[in-house]
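Trainee: I have a structure open and would like to learn how to read it. Could you walk me through some features?

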Amino acid sequence: MEQFSTDVVVLLMGIFLLCGVLMTKISARAGVPSLILFIFLGMILGSDISGLIYFSNEKVAQMVGVFALIIILFEGGLQTQWKHARPVLGGSIVLATLGVVITTAIVALAAYIVLDIGWLEAFLLGSIVGSTDAAAVFSVLSGQNIKQKLTSTLEAESGTNDPMAMFLTIIFIEWILMPEISAWSFVGQFFMQMGLGVLFGFGLGYIASKTMNKIKLDASGLYAVLSAGFAIFIYSLTAVLGGSGLLAVYIAAMIIGNRELTHSHSIFRFHEGFAWLLQITMFVILGLLVYPSDLLNWDIIWKGLVLSFVLIVIARPIAVFASTIFFPYSRNEKLFISWAGLRGAVPIVLATFPMLAGIDNSTLYFNIVFFIVLSSALLQGATIPFFAKLLKVNGPPVPKRIHTLELVSMDHANAEMLEFEVSEFSPFAGQLVQTIGLPEKTLISAIIRKGNLVMPTGGTKLQKKDILYILTAKEQVANVKLVLSEELLK
């Protein structure tokens, strides 16, 4: 890109962002995960195909990837509702730890045989692909009518297993570079990283939520920027002190997202858009880092197919069935969890670690990992709705979260505006406004019905998919949500 002027570089950035957003529509209609299209966009823009952009800086790719993962995990944590995550927390944690270890070991055995490499190198490759990917899982499951139990399990697993995969990747790199290190020295390091991650996640998450509620900023948009600042600060402080920054970020986001936030709507919407922006940027950059001519190599193709098969069909199911043996999941539910264990950006980002460390055959590992990710996303991601129906694990549509809308004129007023959608299964559908039992000092000020504004009265009958805008006193917010949450619990 050195031959381009600043204006041309900015133009290219605008083009690929526009293309990235449009590709989300294409991926939704085609049933293909959007990450595949973003990666292909990067590959097309790269030097092997169009020759438009030459990019080979693994350090920059790693920095962008880690930064994107921070925001993606934070956004996923904000959206995770504790009442759904709590019943499946035990199974998710075991999947995120023991499941990653089992997956790593089985893939390592296959890599040792197929790639003809040493055991440490084989375990390094297994560690890199050992975890599911939060960005891929969150985006693919979004909008799917899967049982809440399974959705929560997969989201909690993908949000908490990245630290385990990163830890294993780093220790095997250190072990390859310094074979004299004792394996026992890593045990204390593991507990310290995870322990500090949990401690800082809970502690800093509580501090962040209290700060965002207490502080008075001049513009409501600054609260979203403040939350992003907390996300980056929590990761970096935890990592610098020797803990798992990714684990801390996810836990802190769960703490923040499940507390009453004065400016929750703007914070949630900002992070949803910010996470998409970074997803597009990250996958395009990772696509630029790949040379398609290297992937179109029969040696890479057959080895990648064998390892993908082992990971998807053997390692993942064994890890899921072994990890959930003491948890109440049916056989079909375990099969679905096995199939929905998508690989995405995390393995590709982790594959840059050996390259930066100067490990032998690191380029081979990167290409194999990239091939595994592509095959996982194409095969598993595109068929999740089919397998959900086949295994009969579909659930009712999940009601949208009740949001608080911050109106500029109310920034210092004792009032809130809540947004609530009447779902298809709502007990309020067909009822009159005056009979739904809202507390005093509360008014349904507007209804959006099929894109049209309806000004409600007491005699207005609510319909399915109505979007209600409810004005209430701040002290009544909890009571209003309690009434409306009766629908969410059904």
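Trainee: Which residues make the nonpolar surface patch?

Mentor: A patch joins residues with over 30% relative accessible area (Shrake-Rupley method, 1.4 Å probe) and no salt bridge, and nonpolar side chains (Val, Leu, Ile, Met, Phe, Trp, Tyr) are joined within 5 Å. Here L109, Y112, I113 and W119 make one of about 410 Å². Helix α5 (residues 89–114; helices are DSSP runs of H or I, at least four residues) gives the most, three residues. This is a predicted model, where local features need pLDDT of at least 70, side-chain atom pairs need 80 or more, and totals for chains, interfaces and linings use all residues. Numbering starts from 1 along each chain as its sequence is written, and side-chain values use heavy atoms, leaving out hydrogens and water.

Trainee: How many salt bridges does a search of the whole structure find?

Mentor: Side chains of opposite charge can pair when their charged atoms come close. The cut-off is a Lys or Arg side-chain nitrogen within 4 Å of an Asp or Glu carboxyl oxygen. The search finds six, including E333 with K149 at 3.1 Å, N to O. E333 sits in helix α16 and K149 in helix α8, so the pair ties together parts 184 residues apart in sequence.

Methods: Patch = residues over 30% accessible without salt bridge, like charges linked within 9 Å, V, L, I, M, F, W, Y side chains within 5 Å. Helix = DSSP H or I, 4+ residues; strand = E, 2+ residues; numbered from the N terminus.
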